[in-house]
Amino acid sequence: MECEEEGLVSEERWGWRGVGLVVFMFKQKTAYEVLRSLVGSEMCIRDSMKTALVTGSAGFIAHRVARRLLDQGVDVVGVDNLNDAYDIRIKQHRLADLSGRERFRFFEGDIENLYDLKPVFDGRQFDVVFNLAARAGVRYSIENPHVYMQSNAQGALNILELMRQSGCGKLVLA
């Protein structure tokens with residue numbers, strides 16, 4: 001496997017309605033460390049990657065992924081609903097960092113809402129989608145698990161459907 005030196009141990013591939021998914025199994029690495037390894041590795045980022053969609057782009061991990069992609073010359077489209085799960089000023093600060101970049105375009109919207117998401121895909125061909133959007137907050141997830149299930153599962157389904165319709169075949173889901 002090409003990225004094994006980055007701590008990835010195995011890889012499994014399968015398709016869902018025309019979308020190829022790759023699941024990486026890894027040992028003793030956080031999702032952030034794995035994404036950082038993948039995005040930072042020239043071996044894993046191909047010259048053919050021109051445009052990427054990063055959902056949750058105002059979040060901690062997605063902001064850093066978007067920034068690294070931009071640093072490598074990839075056009076990045078970011079989506080975030082800017083909810084109030086934590087201080088919105090932190091999210092605005094991260095977006096200000098990205099918005100100052102020439103290759104970054106931002107859409108405010110919720111991936112749970114297919115109609116918010118459709119304009120993001122209209123007229124664009126993404127080489128890869130990094131679906132890093134999710135509801136934050138462990139305590140609230142225990143109190144209201146259905147909110148998390150609806151948001152995260154419906155959002156992932158919407159992403160997959162629009163990827164299928166647009167012909168994008170690469171997804172990184174964390």
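Does Arg94 count as buried or exposed, and at what relative accessibility? At 12% relative accessibility, Arg94 counts as buried, where buried means under 20% relative accessible area, exposed over 50%, and partly exposed in between (1.4 Å probe, protein chains only). A few notes on that residue and its surroundings follow.

1. Ground rules. This is a predicted model, where local features need pLDDT of at least 70 and side-chain atom pairs count only at pLDDT 80 or more, while totals for chains, interfaces and linings use all residues. Residues are numbered from 1 along each chain as its sequence is written, and side-chain values use heavy atoms, with hydrogens and water left out.

2. Overall layout. The protein has 6 helices and 7 strands, with helices (H or I, at least four residues) and strands (E, at least two) taken as DSSP runs and numbered from the N terminus. Read from the N terminus, the order is β-β-α-β-α-β-α-β-α-β-α-α-β. Of its 174 residues, 40% count as buried.

3. Take the contacts (heavy atoms within 4.5 Å) with a separation of 6 or more: 67% of them join residues 24 or more positions apart.

4. Arg94. This residue sits in helix 3 (residues 88-99). Beyond its neighbours within four places in sequence, Arg94 touches Ala58, Gly59, Phe60, His63, Arg64 and Tyr86. Ala58 deserves a look: its C-alpha is 5.7 Å from that of Arg94, although the two are 36 residues apart along the chain. A polar atom of the Arg94 side chain also lies 3.0 Å from the backbone oxygen of Ala58.

5. His63. On the other helix, His63 belongs to helix 2 (residues 60-71). His63 is buried too, with a relative accessible area of 4%. Setting aside neighbours within four places in sequence, its contacts are Ser57, Arg94, Asp97 and Leu98.

6. The helix pair. Helix 2 and helix 3 pack at about 10°, axes 10 Å apart; axes are lines fitted to C-alpha atoms, for helices over the stretch in contact, and angles run from 0 to 180 degrees between N-to-C directions. That makes helix 2 roughly parallel to helix 3 (angles under 35 degrees count as roughly parallel). Helix 2 brings Phe60, His63, Arg64, Ala66, Arg67 and Leu70 to the contact, and helix 3 brings Arg94, Asp97 and Leu98. By type, these residues divide into 4 nonpolar, 1 polar and 4 charged, counting Ala, Val, Leu, Ile, Met, Phe, Trp, Tyr, Cys and Pro as nonpolar, Asp, Glu, Lys and Arg as charged, and the others, Gly among them, as polar.

Notes
A polar contact is a pair of N or O atoms within 3.5 Å; within protein, one must be able to donate a hydrogen and the other to accept it, and residues adjacent in sequence count only if both atoms are side-chain atoms. Angles under 35 degrees count as roughly parallel, over 145 as roughly antiparallel, 65 to 115 as roughly perpendicular and the rest as oblique.
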